[in-house]
Amino acid sequence: MALVYELFLLSHCSHFRPPMFSFGNMPLIEPSRVCILGATGRTGRGVLQIFLSERYRNLELHIYVRSQAKLLALFPGIESYAGVKVFEGSITNVKLLTQCLSGMDTIITTLGENENIPGVRVLNDAATTTVSALETLSQEATYDWNRPRLILLSSATWNTNFAAARPRPVHWAIRNAFCYSYEDLLRAQAIYAAQPQLLQLCLVQPPALIEEEPTGHILSTEKVSLAVSYADLAAGIVEIVTSEAYRDTSAIGVSSASEDQLHHLPEMGRRIVRGILARYAPWYFALEWKLWGLLFGHST
Ligand SMILES: NC(=O)c1ccc[n+]([C@@H]2O[C@H](COP(=O)([O-])OP(=O)(O)OC[C@H]3O[C@@H](n4cnc5c(N)ncnc54)[C@H](OP(=O)(O)O)[C@@H]3O)[C@@H](O)[C@H]2O)c1
């Protein structure tokens with residue numbers, strides 16, 4: 001099955017549009033007030049890193065985290081950066097999130113859970129809290145409500161074009177291996193999509209996320225490759241936020257530009273096997289963590 005998928009990918013990779021490293025030649029939007037939820041995660045910290053650069057020094061940046069200590073460990077001194085405000089609280093704290101979202105023109109959420117854990121609901125909770133916060137802000141708005149863009153880290157699995165390009169057994173395996181995270185994601189997407197008067201939703205739908213050096217990103221509504229590195233995904237998200245070309249895009253894939261992606265197949269296979277085990281044996285992760293604890297004195 002893996003070989004068939006490899007051949008399939010090879011035959012499709014050449015149809016990608018050339019990478020869009022387009023800051024130089026594409027009209028840019030100037031988002032002036034951006035909120036990031038999930039900035040301590042691997043995708044979120046990449047996005048934050050870019051927005052902290054000199055290029056975006058005029059940006060007003062609100063960062064909502066559940067652990068300020070973790071954020072400070074990743075970005076020492078960030079609380080004293082000009083334009084940056086950190087909000088620490090639970091993802092269900094409507095009052096605090098309302099303060100955080102006040103005046104924001106762009107909300108980026110890179111929250112999520114990669115393991116297939118039954119009952120995961122971080123995205124559902126974030127969506128409910130965000131919608132409540134925006135309802136309050138829209139009711140309090142003195143002038144017409146300027147609905148913010150909400151950029152949601154989603155998944156290629158839920159893009160019809162991208163999923164149709166996958167062999168059906170592969171698609172089945174991926175859906176099952178991440179079924180609990182996907183349930184959470186789909187609930188969140190539905191909550192946001194039901195509020196077009198409050199927010200403008202844009203789904204970022206990457207393939208497998210991997211830890212690797214950046215190779216450039218490709219944005220496309222037609223195809224994704226096998227994988228995207230966190231750094232390329234972060235750069236892609238920033239381009240979606242700042243490029244006029246994507247202002248009205250409702251769903252878009254981000255891939256890494258590297259042509260050599262097949263070496264990720266073993267790691268992807270490992271994740272799928274673990275996820276499917278967890279799907280059909282819900283105690284699987286508890287057992288795995290216990291074994292790791294016994295063997296190495298800590299959990300995975
Ligand atoms: N893995 C893949 O191949 C793949 C492919 C496509 C899409 N995705 C999507 O990507 C997302 C994961 O992105 P990632 O790898 O960047 O995630 P990550 O590194 O695990 O970071 C997740 C972020 O969410 C926060 N978070 C998690 N649970 C929370 C909770 N209960 N309350 C508040 N904050 C919470 C984390 O906060 P802390 O730092 O405080 O823990 C962190 O900031 C998933 O939603 C998944 O559907 C994954």
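Modeller: Let us begin with residue classes: Ala, Val, Leu, Ile, Met, Phe, Trp, Tyr, Cys and Pro count as nonpolar, Asp, Glu, Lys and Arg as charged, and the others, Gly among them, as polar. By these classes, eight nonpolar, eleven polar and four charged residues form the shell around the ligand. The model is predicted: local features need pLDDT of at least 70 and side-chain atom pairs pLDDT 80 or more, while totals for chains, interfaces and linings use all residues. Residues are numbered from 1 along each chain as its sequence is written.

Colleague: How many residues surround the ligand, and which are the closest?

Modeller: A residue is near a molecule if its C-beta atom, placed from the backbone, lies within 6 Å of it. Here 23 residues surround the ligand, and T40, G41, R42, T43 and G112 are the closest.

Colleague: Which elements each supply at least two residues of that shell around the ligand?

Modeller: Helices (H or I, at least four residues) and strands (E, at least two) are DSSP runs, numbered from the N terminus. At least two shell residues come from each of α2 (42-51), α8 (179-193) and β7 (208-210). Helix α2 gives the most, with three residues.

Colleague: At what angle do α2 and helix α9 pack?

Modeller: Axes are lines fitted to C-alpha atoms, for helices over the stretch in contact, and angles run from 0 to 180 degrees between N-to-C directions. For α2 and α9 (residues 230-242) the angle is about 55 degrees, and the axes are 8 Å apart. Angles under 35 degrees count as roughly parallel, over 145 as roughly antiparallel, 65 to 115 as roughly perpendicular and the rest as oblique. The helices α2 and α9 are therefore oblique to each other.

Colleague: Which residues of α2 meet α9?

Modeller: Two residues are in contact if their C-beta atoms, placed from the backbone, lie within 7 Å. R42, T43, G46, V47 and I50 of α2 meet Y230, A231, L233, A234, A235, I237 and V238 of α9. This contact of α2 with α9 comprises nine nonpolar, two polar and one charged residue.

Colleague: How do helix α5 and α8 pack?

Modeller: Helix α5 (residues 122-140) and α8 pack at about 15 degrees, with axes 7 Å apart. That angle makes α5 roughly parallel to α8. On the α5 side, V122, L123, N124, A126, A127, T128 and V131 make the contact, and on the α8 side D184, L185, R187, A188, I191 and Y192. The contact of α5 with α8 has nine nonpolar, two polar and two charged residues.

Colleague: At what angle do helix α7 and helix α10 pack?

Modeller: Helix α7 (residues 168-177) and helix α10 (residues 265-280) pack at an angle of about 60 degrees, and their axes are 7 Å apart. This makes α7 oblique to α10. From α7, A173, I174, N176 and A177 meet R271, I272, G275, I276 and R279 of α10. Five nonpolar, two polar and two charged residues make up the contact of α7 with α10.
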